[in-house]
Amino acid sequence: MEEKIIPPAERINRELDLETLAAPLDLAEIFGNDNPLELEIGIGKGLFLLNEARRNPDRNYIGIEIARKYLVKARERVEKRGVPNVRFVNGEAFDFMEKFLSDESLSTIHIYFPDPWPKKRHHKRRLFSDVFIPLAHRKLKPGGLMLIATDHAGYWEWMCEVLEKQTLLVHADRMPEAPDGTAGLTNYEIKYQKEGRTIFRTGYRKP
Ligand SMILES: C[S@@+](CC[C@H](N)C(=O)[O-])C[C@H]1O[C@@H](n2cnc3c(N)ncnc32)[C@H](O)[C@@H]1O
């Protein structure tokens with residue numbers, strides 16, 4: 001099936017300008033509906049967001065990416081296909097969630113292949129940490145999901161330690177999984193699957 005590509009002049013900019021928007025965000029105003037909101041942290045080139053938003057037109061998606069270059073690439077992918085239920089934020093996820101999202105506003109948080117910061121002295125830069133869990137818990141709706149995947153054994157071990165210590169989120173019966181017929185959920189997963197790397201994944205839920 002051929003894809004319909006929107007001509008550049010007709011594309012709608014889907015990036016949220018945090019300089020001009022009031023915090024917390026008025027999601028109903030931004031999306032024009034009250035559909036459940038999912039957040040992807042560190043979207044890279046945005047493959048997951050594009051596919052997921054097209055598969056679920058009755059859900060809204062925000063993708064946040066700190067690297068401008070990737071954010072623009074992901075945004076253009078979505079805008080040229082006219083996918084209406086995605087918005088983009090160029091920024092740091094922890095700060096964005098804390099300041100711009102209301103408590104209990106998220107139905108799902110997706111964290112796929114977060115930067116592992118392998119050197120010990122850089123571990124403090126890891127997004128997934130003891131302080132991230134209470135924030136995720138606060139921003140998730142009751143029953144909301146946090147889905148995680150990584151290829152990095154050291155970061156996985158760290159994540160398991162963080163998750164085992166905490167009591168706010170419970171293990172869920174859902175895991176992040178690539179839909180049938182696809183080679184992976186995200187660009188990184190596709191690459192790592194081809195290389196034959198082990199992928200670690202899990203899902204947690206707010207009770
Ligand atoms: C290893 S890449 C994975 C990209 C994508 N999730 C995938 O699986 O293909 C991690 C991405 O997260 C972004 N990132 C890292 N820390 C971030 C943060 N605190 N907030 C937002 N984005 C972040 C990086 O710029 C990078 O694009």
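How many nonpolar, polar and charged residues does the shell around the ligand have? In this predicted model, the shell is made up of eight nonpolar residues, five polar residues and four charged residues. Of the 17 residues around the ligand, those that come nearest are Gly42, Glu65, Glu92, Tyr112 and Thr186.

A backbone N or O atom of Tyr112 is placed 2.8 Å from a nitrogen atom of the ligand, and for Ala93 a backbone N or O atom lies 3.0 Å from a ligand nitrogen atom. Taken alone, the ligand exposes 600 Å², of which the protein buries 89%. The space that the ligand takes is the largest pocket.

From the ligand we turn to the sheet. Seven strands form an open sheet with mixed pairing, and their order across it is E3-E2-E1-E4-E5-E7-E6. Why do strand E3 and strand E6 each have one side left without a neighbour in the sheet? Strand E3, residues 86-90, and strand E6, residues 170-171, stand at the edges and each has a single partner strand, so one side of each remains without a neighbour. For E3, the pairing with strand E2, residues 60-65, runs in the parallel sense over five bridges, and within these two strands Ile64 stands opposite Val89 of E3.

Most peptide bonds are trans, and most residues other than glycine have a negative phi. The peptide bond from Ala23 to Pro24, however, is cis, with omega near -5 degrees, and Pro24 is found in the segment before helix H1, which covers 27-31. Glu104, although it is not a glycine, has a positive phi of about 55 degrees, and this residue belongs to the loop between helix H4 (93-100) and strand E4 (106-112).

Key. Residues are numbered from 1 along each chain as its sequence is written. This is a predicted model: local features need pLDDT of at least 70, side-chain atom pairs count only at pLDDT 80 or more; totals for chains, interfaces and linings use all residues. Side-chain values use heavy atoms; hydrogens and water are left out. A residue is near a molecule or strand if one of its heavy atoms lies within 4 Å of it. A polar contact is a pair of N or O atoms within 3.5 Å; within protein, one must be able to donate a hydrogen and the other to accept it, and residues adjacent in sequence count only if both atoms are side-chain atoms. Accessible areas come from the Shrake-Rupley method with a 1.4 Å probe; for residues, only the protein chains shown count as cover. On a 1 Å grid over the protein atoms alone, a cavity is a set of points where a 1.4 Å probe fits but cannot get out, and a pocket is an open set with protein on both sides within 12 Å along at least five of seven lines; lining residues have an atom within 4 Å of a point. A molecule sits in a cavity or pocket if more than half of its atoms lie within 2 Å of its grid points. Ala, Val, Leu, Ile, Met, Phe, Trp, Tyr, Cys and Pro count as nonpolar, Asp, Glu, Lys and Arg as charged, and the others, Gly among them, as polar. Two strands pair if DSSP finds at least two bridges between them. Helices (H or I, at least four residues) and strands (E, at least two) are DSSP runs, numbered from the N terminus.
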